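Subject: Structure for your review

Dear colleague,

Please find below the structure that I am handing over to you. My notes on what was found in it follow directly after.

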Amino acid sequence: MKYQTRDFGEIEIEQERVISFVQPILGYERLTDYTLLYDKETGPGLVWLQSLEEKDVCFILLDPTALPMEYAPFVSEEEAQALGEGELLYLPIVYIPENLKRSTMNLRSPIVVNPATRKAMQIILPREFPTRVPLFEEEEEC
C-alpha cells in the first residue's frame, strides 16, 4: 500500500512492515500503525518511526547498536506478554534541535519493537535511565 510520509514523500509499504502499537506512544494515543524507515544517506544508526495514519507524525529513533554505551533496558512480564515471543529491539527516541550538536536521546522511555510479531509499545523505565543524553561529546573551547 502507498503512504505519504513527512521526510520521504510517497512510499510503498508492504503489510509485513506495518508495526502495530499495543500500547500507544504518549501523546499519540489515537495512532497505532507505524513502520520503520532507514535512510542510506544518514548512514547506520538513525531509524524513522513513521505513522501510517498521520503523515506528519514521525519520530527519529536510534538503533541500539549505534549507542556509545551499553544499554540494557527491560520490559515487565506484562509488557513482554503484550509484545509476544521473540527478541525485542529497544530504540531510544532522539531529539534533534536546530543546533545538531545539542541533539539528545531519551533512554528512559524507548520504543520497544518485537520484529517477529510486529507489535510495539513505548515503555517508561526507572529513573536510572536518563531522559536527555547528549548524542555528541561537547567540544572543548580553546
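S109 is found in strand β8, which covers residues 104–114; helices (H or I, at least four residues) and strands (E, at least two) are DSSP runs, numbered from the N terminus. The model is a predicted one, in which local features need pLDDT of at least 70 and side-chain atom pairs count only at pLDDT 80 or more, while totals for chains, interfaces and linings use all residues. Residues are numbered from 1 along each chain as its sequence is written, and side-chain values use heavy atoms, with hydrogens and water left out.

S109 counts as buried because its relative accessibility is 8%; buried means under 20% relative accessible area, exposed over 50%, and partly exposed in between, with a 1.4 Å probe and protein chains only. The side chain of S109 is joined to that of N106 by a polar contact of 2.8 Å. Such a contact is a pair of N or O atoms within 3.5 Å; within protein, one must be able to donate a hydrogen and the other to accept it, and residues adjacent in sequence count only if both atoms are side-chain atoms. Leaving aside neighbours within four places in sequence, S109 is in contact (heavy atoms within 4.5 Å) with I93, Q122, I123 and I124.

N114 also has its place in strand β8. With a relative accessibility of 0%, N114 counts as buried. The side chain of N114 reaches the backbone oxygen of L83 at 3.2 Å and the backbone nitrogen of T117 at 3.3 Å. Apart from neighbours within four places in sequence, the residues in contact with N114 are L83, G84, E85, G86, E87, L88 and K119.

G86 is partly exposed, as its relative accessible area is 44%. The C-alpha atoms of G86 and G45 are separated by 22 Å, and the two residues are 41 apart along the chain.

How many of the residues of β8 are buried? The count is 11 of the 11, so β8 is largely enclosed by the rest of the structure. As for its pairing, two strands pair if DSSP finds at least two bridges between them. The pairings of β8 are as follows:

- β7 and β8 run antiparallel and are joined by 6 bridges; Y95 stands opposite T104 in β8.
- β8 and β9 (residues 119–122) pair in the antiparallel sense over 4 bridges, with N114 opposite K119 in β9.
- β8 and β10 (residues 133–134) run antiparallel and are joined by 2 bridges; the bridge partner of T104 in β10 is P134.

The hairpin of β8 and β9 has 4 residues between the strands, and R118 takes a positive phi near 60° there.

L100 belongs to the loop between β7 (89–95) and β8. Together with I96 and F136, L100 forms a nonpolar patch on the surface, with about 270 Å² of accessible area in total. Patches are made of residues with over 30% relative accessible area and no salt bridge; like charges are joined within 9 Å, and nonpolar side chains (Val, Leu, Ile, Met, Phe, Trp, Tyr) within 5 Å. Accessible areas come from the Shrake-Rupley method with a 1.4 Å probe, and for residues only the protein chains shown count as cover.

Another hairpin joins β1 to β2 through 3 residues. Strands β1 (residues 2–5) and β2 (residues 9–12) run antiparallel, with 4 bridges between them. The bridge partner of Q4 in β2 is E10.

E10 also meets K2 in a salt bridge between their side chains (3.9 Å, N to O). A salt bridge is a side-chain nitrogen of Lys or Arg within 4 Å of a carboxyl oxygen of Asp or Glu. A search of the whole structure finds 4 salt bridges. K2 is exposed, since its relative accessible area is 53%.

The side chains of R17 and E14 meet in a further salt bridge (3.9 Å, N to O). R17 is partly exposed at 33% relative accessible area, and E14 counts as partly exposed at 38%.

R30 and E54 likewise meet through their side chains in a salt bridge (3.8 Å, N to O). R30 lies in the loop between β3 (19–23) and β4 (33–37) and E54 in the loop between β5 (46–51) and β6 (58–62), so this pair ties together parts that are 24 residues apart in sequence. R30 counts as exposed at 61% relative accessibility, whereas E54 is partly exposed at 28%.

With kind regards
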